[in-house]
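Subject: The structure I promised you

Hi,

Here is the structure we talked about, with the sequence alongside. Have a look at it first, and then read on for what I found.

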Amino acid sequence: NRSSDLTLLRIVPESAFVLPISIIQIAVTKPLELPKNAPSLSELAIHLTLCFVIYDTEYYFWHLAHHRNRFLYRHFHALHHTVRSPFSFATQYVHPVELLATVLFTTTTPMLLSVHPLTNWIWAACAIYVSVEDHC
């Protein structure tokens, strides 16, 4: 399958990009001190809703800019559209600049909202799930 072949070609370069950033992040951040209590259900729901709305807004305008600006589309976003049959890993078949932007949108939104660590972990899992599901 051509899509699977393309994905395999992207996994190694992407891992070479993401893995060092992850190691650096672990090395420079202080250990996470977990609060004694989990967030309330209402706090969790509000923060997750805000994460989705803010992230979706950021990503919408980012994506729109890449479709409206010929330079951005040609040099960054067109790679993603070379996958012709949707499948889960197509979400990661992107230029490193797009990957970095998506990671920044995903990680900075909960930081700006000062969400509980548990909310942040649930948000990350939801964001990955939605991204994969959108490409199936």
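Predicted model: local features only at pLDDT ≥ 70, side-chain atom pairs only at ≥ 80, totals over all residues.

Before we start, one definition: helices here are DSSP runs of H or I with at least four residues, numbered from the N terminus.

**The overall picture**

The chain has five helices and zero strands. Along the sequence the pattern reads α-α-α-α-α. Of the 136 residues in the chain, 26% are buried. If you take the contacts in the chain with a separation of 6 or more, 72% of them are between residues 24 or more positions apart.

**His-47 and Thr-119**

Is His-47 buried or exposed? Its relative accessible area is 15%, and the cut-off for buried is under 20%, so His-47 counts as buried. Leaving out neighbours within four places in sequence, His-47 is in contact with Leu-113, Val-115 and Thr-119.

Let's follow that last partner. Thr-119 sits in helix 5, and with 0% relative accessibility Thr-119 is buried. Not counting residues up to four places away in sequence, Thr-119 touches Pro-39, Leu-44, His-47 and Leu-48.

Helix 5 spans residues 117-133 and also holds Ala-124. At 29% relative accessibility, Ala-124 is partly exposed. The C-alpha atom of Ala-124 is 7.9 Å from that of Thr-107, and these two residues are 17 apart along the chain.

**The nonpolar core**

Which residues make up the largest nonpolar core? There are nine: Leu-44, Leu-48, Cys-51, Tyr-55, Ala-101, Phe-105, Val-115, Trp-123 and Ala-127. Helix 2, helix 4 (96-113) and helix 5 are the elements that give two or more residues to this core. Helix 2 gives the most, with four residues.

**Aromatic pairs**

The count of aromatic pairs comes to six. In one of them, the ring centres of Phe-52 and Trp-123 are 4.9 Å apart and the planes stand at 90 degrees, so this pair is edge-to-face. Phe-52 belongs to helix 2 and Trp-123 to helix 5, so the pair ties together parts that are 71 residues apart in sequence. As for the two partners, Phe-52 is partly exposed, with a relative accessible area of 32%, whereas Trp-123 is buried at 0%.

Another edge-to-face pair is formed by Trp-62 and Phe-105, with 5.9 Å centre to centre and 80 degrees between the planes. Here Trp-62 lies in helix 2 and Phe-105 in helix 4, so the pair ties together parts that are 43 residues apart in sequence. Trp-62 is partly exposed at 22% relative accessibility, while Phe-105 is buried at 17%.

There is also a cluster to find on your screen: ring pairs link Phe-52, Tyr-55, Tyr-59 and Trp-123.

**Where helix 2 meets helix 3**

How do helix 2 and helix 3 lie, and at what angle do their axes cross? The axes come within 5 Å and cross at roughly 105 degrees, helix 3 being residues 70-77. Angles of 65 to 115 degrees count as roughly perpendicular, so that is the term for helix 2 and helix 3. On the helix 2 side, the contact is made by His-63, Ala-65, His-66, His-67 and Arg-68. On the helix 3 side, the residues are Arg-70, Leu-72, Tyr-73, Phe-76 and His-77. Sorted by class, the contact has four nonpolar, four polar and two charged residues.

**A residue to look up in the loop**

Finally, please find Ser-114, in the loop between helix 4 and helix 5. Its phi is near 55 degrees, a positive value in a residue other than glycine. Most residues other than glycine have a negative phi. With 60% relative accessibility, Ser-114 counts as exposed.

Happy exploring, and write back with any questions!

Best wishes

Key
Residues numbered from 1 in each chain as written. Heavy atoms only, no water. Buried < 20%, exposed > 50% of the residue type's maximum accessible area, 1.4 Å probe, protein only. Contact = heavy atoms within 4.5 Å. Core = buried A, V, L, I, M, F, W, Y, C linked by side-chain atoms within 4.5 Å. Phe/Tyr/Trp six-rings, centres within 6.5 Å; stacked < 30°, edge-to-face > 60°. Axes fitted to C-alpha atoms, helices over the stretch in contact; angles between N-to-C directions. Parallel < 35°, antiparallel > 145°, perpendicular 65-115°, else oblique. Nonpolar A, V, L, I, M, F, W, Y, C, P; charged D, E, K, R; others polar.
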